[in-house]
Amino acid sequence: MQPLPTSLVRALFHPWAWRMAWRDSRSQRGRLALYAVSIAVGICALTAIHALRASVRQSLDTQTKNLLGTDVLVSSRQPIAQDPLVNLSSLITETGSETAFSSMLSDPSGAHSRLVQVRALEGGFPFGTTVDTVPVGAWQSLQEQHGILLDPALLAEFDVHPGDKLKLGATEFTVLGEVTKGVPRSNRFSGFASEAFIRLKDLPSTGLAGSQSLVFHHLFLELRPGTEAERKAALAEVRKSFSLKGVQIQTPEDRSETFGEGIDKAKEFLSITALTALVLGGIGVAGAIHTHIRRRVPTVAVLLCLGCPASLAFAVYMVQAATLGLMGTVLGAGLGAFAHAALVHFAGNSLPFNVAAMPQPLVILETAGAGFLLCCGFALLPLLRIRDISPTATLNARSEKVPGRSLREAGVYLLLFGLVWSVARLNGANSLRALALTASLGVAFASLTATAFGLMKFTRWIIRPSWPYLLRQGVSNLFRPQNQTLLFLLSLGLGTFLLLTTWFTQSLVLSQLKIDNGPSTPNLYLVDVQPDQTRTVRAVFEAEHLPVLEDAPMVTMRIESVKGLLLSAIEKQPQNASSLPEAKPTQRVPRWVMEREYRSTYRTTLNATETVLAGAWPPTPFVAGAPVPISLEQQLAKDLKVGVGDEIVLDVQGVPLRAVVACVRKVDWSKFNLNFFMVFPPGVLEDAPQFHLLTTRVPSGQTSGALQRTLLRAAPNVSVVDLTSILATVASLLQKAARVIQLLAGFTLAAGLPILAGALLNGRDQRLRESVLLRTLGASEQQVRAIVLVEYAALGALSELAGSLLAVGAQWAAARWIFKTPHAFETGPVLVALAISIGGSVLAGRTLSRSVCSKTPLDVLRQG
Amino acid sequence: MAERTLSSLVPPVLEVRALSKTYSDGDRSLTVLDNIHLSVAPGETCAIVGPSGSGKTTLLGLCAGLDDATSGSVQLDGETLETLSQDARAALRGRSVGFVFQNFQLIPTLTALENVLVPMELRGESGGFAEAEALLSKVGLGKRLTHYPHQLSGGEQQRVALARAFVRPPRILFADEPTGNLDAITSETLVEMLFALNRENGTALVLVTHDPALAARARRVVRMHAGRIIADERP
């Protein structure tokens with residue numbers, strides 16, 4: 001006779017534990033499979049998101065060169081001096097140049113025109129990658145002949161074919177074909193505009209080169225092949241040679257990082273939904289195991305009587321839970337791999353580079369492993385109670401009472417906290433955010449528990465003997481022994497809370513991207529209107545019966561010093577960010593804030609999208625020689641660490657100008673009005689080189705076309721930005737993003753359904769016995785059903801209310817502290833959730849009551 | 001006389017000294033067993049009788065190490081229960097104790113044969129199918145080996161429980177109202193089997209019962225009232 005294992009580890013590997021676990025599952029396999037599904041859904045969401053991120057990352061790594069089309073991109077708003085190239089000749093194998101700007105492209109008659117991004121190129125750009133064109137070879141033809149290549153959309157819009165003519169500025173170009181793939185964008189601000197490619201040497205003939213104020217110049221450098229160290233040294237040399245004010249240098253890695261950060265941010269939100277789905281799955285597991293253990297209390301008690309050590313009895317059910325978790329994990333990982341491929345197929349074309357659904361075995365293994373551990377952790381909560389089952393339960397007639405909580409559970413809660421935190425970290429959140437996320441879930445859990453106990457007390461207090469019996473009986477079930485109130489509130493309530501929170505968060509994210517398209521919102525912008533052209537343009541507007549919504553003069557300038565500290569001195573700081581003398585190390589001024597070119601305006605009043613936060617506008621009249629009072633946008637003031645009264649020296653196209661912050665204002669950037677970081681009072685910038693921006697609102701595409709045709713003749717250098725087409729592009733992108741978010745939120749919903757089913761099954765046994773007793777005592781089927789329905793409707797309503805209350809609170813907190821937007825209570829989702837929750841509960845209660853009534857009292861009484 | 005002499009020479013299989021059990025609920029306390037002394041010799045049959053609430057089942061549970069006493073001691077098969085951990089008590093039960101319960105307490109997911117095999121499996125013994133089958137045949141269930149408890153009648157379930165208790169003959173068998181859920185004829189059959197197995201294996205038998213006929217089959221009757229032994233008769 002071998003001694004039985006008394007340690008848990010040995011017990012877990014004891015063959016009898018596995019044999020007994022298998023036998024014990026016999027009558028419960030269908031039910032247990034349901035819970036494996038809830039784990040599977042959670043794991044599926046987690047693995048799909050992680051695998052997607054890994055695929056994006058890998059695709060980025062393999063395509064970094066293609067993203068930029070060159071080893072080094074040197075960019076400037078001014079023509080780039082080529083002198084440094086002489087010294088760099090030993091490091092560079094090829095060079096190329098580009099001048100890019102927005103201009104109107106029209107058909108030769110001028111009847112139809114459209115704003116395009118003109119890219120005048122010279123040299124072999126893009127390097128190391130081929131450009132796909134229709135017809136094939138059109139890219140090479142462009143190098144050799146006068147012509148123009150277009151985005152496919154432009155060919156369709158102008159209804160032109162290779163050989164047809166289009167007009168750019170003063171010159172007609174022969175259409176050589178369309179570019180289908182392979183020319184990386186060198187200017188990130190041109191993202192929405194269709195592109196037209198011409199030779200750089202043909203640019204002067206258009207007459208557009210000199211008149212455009214928003215021109216970008218690019219220099220492409222292909223480095224000589226070498227080791228990584230040699231490449232780094234060469235890059236350092238290039239940076240040094242082009243370290244001029246206003247010159248930016250970008251490498252493929254920089255761009256990859258930019259995209260990667262964007263992807264990571266999107267993933268952060270999606271990860272919350274994945275974690276939510278997983279935690280819901282975990283709660284489902286805990287509920288399932290709890291019910292299972294309750295049904296197994298007599299078995300455990302008998303085993304203890306027959307000489308089974310408590311750890312071995314515990315191991316039997318731990319083995320079951322782990323196997324269940326493993327099955328769910330394997331299924332979830334498989335589904336996750338499939339969902340990953342589907343997501344790439346579905347959302348891949350929303351990204352600016354190709355994403356292949358690469359197999360991610362390691363990522364899937366890692367995330368599935370973490371998910372499995374989390375599910376096992378949740379299963380431990382009810383499993384621990386096995387160790388407290390007493391063999392004396394065999395002597396009691398009704399022995400299905402699961403022992404109460406013990407101190408050991410505190411350890412499991414700590415373990416769960418750690419596991420959820422680890423999974424949140426695995427999702428990419430930093431330690432603090434992961435902690436906040438985990439704590440939020442913990443608070444929700446605790447709040448729902450407290451709410452459940454509160455509701456039990458409340459129902460006990462509110463119930464009156466005068467109530468109809470069926471109602472009284474149904475409501476009383478909420479607080480009677482063996483009630484399901486706590487379990488329901490924790491599963492369905494927490495499910496509702498998590499689902500609504502996901503929904504609300506999605507709404508908040510989308511509301512930040514929401515486009516204000518009201519009647520007073522401009523949808524047509526005129527850029528580069530020279531001061532002497534404003535009268536002409538206004539006349540055109542008047543002729544077309546269009547209002548001039550805004551007319552803002554625009555003057556470019558740079559920051560020279562802040563609070564007496566010169567920009568050159570600040571730039572000497574070793575970090576990527578600059579710091580002011582009194583700034584703490586963590587309060588550095590972002591370098592781009594110091595280096596960028598600001599386009600400022602001057603006016604007396606603030607517009608409707610601006611609010612004064614500090615100081616006053618208009619400022620008091622200033623005297624000659626004193627600093628000019630200006631108004632700063634709040635974020636810029638924050639980045640510059642300046643407030644009202646602080647002095648800034650600006651470089652207005654070579655002329656230094658002393659200014660003092662007179663007003664800090666908040667700007668609603670979501671509006672399409674003309675807004676600026678710096679606003680000057682009139683009387684200062686009028687003589688500085690400037691152009692005007694005018695806005696209007698066109699009622700239709702036809703009006704827009706007519707206006708553009710007239711403008712092309714009256715003021716050919718003026719660029720028209722028709723926001724209606726850009727809005728369509730943005731809306732399409734947002735729609736895709738929203739669909740991906742909703743798809744992921746769907747995972748959470750799917751994870752919630754097995755929990756609902758589980759919670760209902762949990763109560764079945766208890767209600768079965770009670771209902772049979774009632775029927776034995778003379779209750780009709782209808783009465784039994786009514787009692788069950790009342791109880792389940794009440795449970796559904798209470799769970800939803802508790803979950804909704806928490807979710808609305810969470811939404812309020814997120815709106816206030818994370819998204820910093822006004823909180824808008826959304827009744828729609830709450831009412832939908834209420835209807836679904838009550839409807840689902842009642843439906844399930846109805847199914848339950850049907851199954852209760854389908855059994856004869858004798859069947860149940862015989863089973864004890 | 002011969003039996004008494006033998007009993008005094010052989011150490012008792014169960015020795016209870018000054019056993020008390022009190023349940024506390026806040027300020028209130030309820031003493032359900034008060035200073036119980038009891039000794040059961042190997043092979044002895046002892047019926048514990050008394051009205052409901054007199055403490056019979058509580059005494060049985062304490063004697064089998066299923067619960068902890070408030071005071072006093074229980075020595076079972078030479079081991080003092082108070083000094084043993086829960087796992088050690090379980091091991092002792094696996095080695096020396098058998099049970100028959102009023103509500104049968106078969107494991108619902110195991111067949112009749114598997115239920116009988118459980119004690120052997122827990123002892124780490126492989127095989128045993130033949131013995132278990134033989135025992136089930138002996139109690140008249142040779143053709144119900146693969147039936148689950150819910151497919152058996154009450155009497156059949158109790159016979160499976162009996163086979164389980166005797167598959168490895170215990171030193172002592174505790175039976176809590178073994179015929180409480182059975183009809184008179186089934187009870188009679190079962191009691192016959194119980195005592196036959198007791199005789200064949202020399203197992204001490206401690207029965208808790210309300211049934212005077214069953215109590216009368218025992219060599220010794222312990223009467224309880226309000227948590228105390230009021231009579232210890234050896235008819």
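The paragraphs below take the interface and then a helix of chain B.

The model is a predicted one. The size of an interface is often given as the accessible area lost when the parts come together. Between chain A and chain B that buried area is about 2,700 Å², and carbon and sulfur atoms give 61% of it. Chain A brings 34 residues to the contact and chain B brings 30 residues.

Specific pairings also cross this interface. The count of salt bridges between chain A and chain B is 4. One of them joins R23(A) to E114(B), with the closest N and O atoms 3.8 Å apart. On the side of chain A that touches chain B, the elements that give two or more residues are α2 (15–24), α9 (252–305) and α10 (310–347) of chain A. The largest share comes from α9(A), which gives 7 residues. Sorted by class, this side of chain A has 18 nonpolar, 11 polar and 5 charged residues.

Now turn to helix α2 of chain B, residues 56–63. How many of the 8 residues of this helix are buried? The number is 6, so α2(B) is largely enclosed by the rest of the structure. Buried here means under 20% relative accessible area. After the helix comes G65(B), which has a positive phi near 75°.

Methods:
Residues numbered from 1 in each chain as written. Chains lettered and ligands numbered in written order. Predicted model: local features only at pLDDT ≥ 70, side-chain atom pairs only at ≥ 80, totals over all residues. Heavy atoms only, no water. Contact = heavy atoms within 4.5 Å. Buried area = accessible area lost by both parts, 1.4 Å probe. Salt bridge = Lys/Arg side-chain N within 4 Å of Asp/Glu carboxyl O. Helix = DSSP H or I, 4+ residues; strand = E, 2+ residues; numbered from the N terminus. Nonpolar A, V, L, I, M, F, W, Y, C, P; charged D, E, K, R; others polar. Buried < 20%, exposed > 50% of the residue type's maximum accessible area, 1.4 Å probe, protein only.
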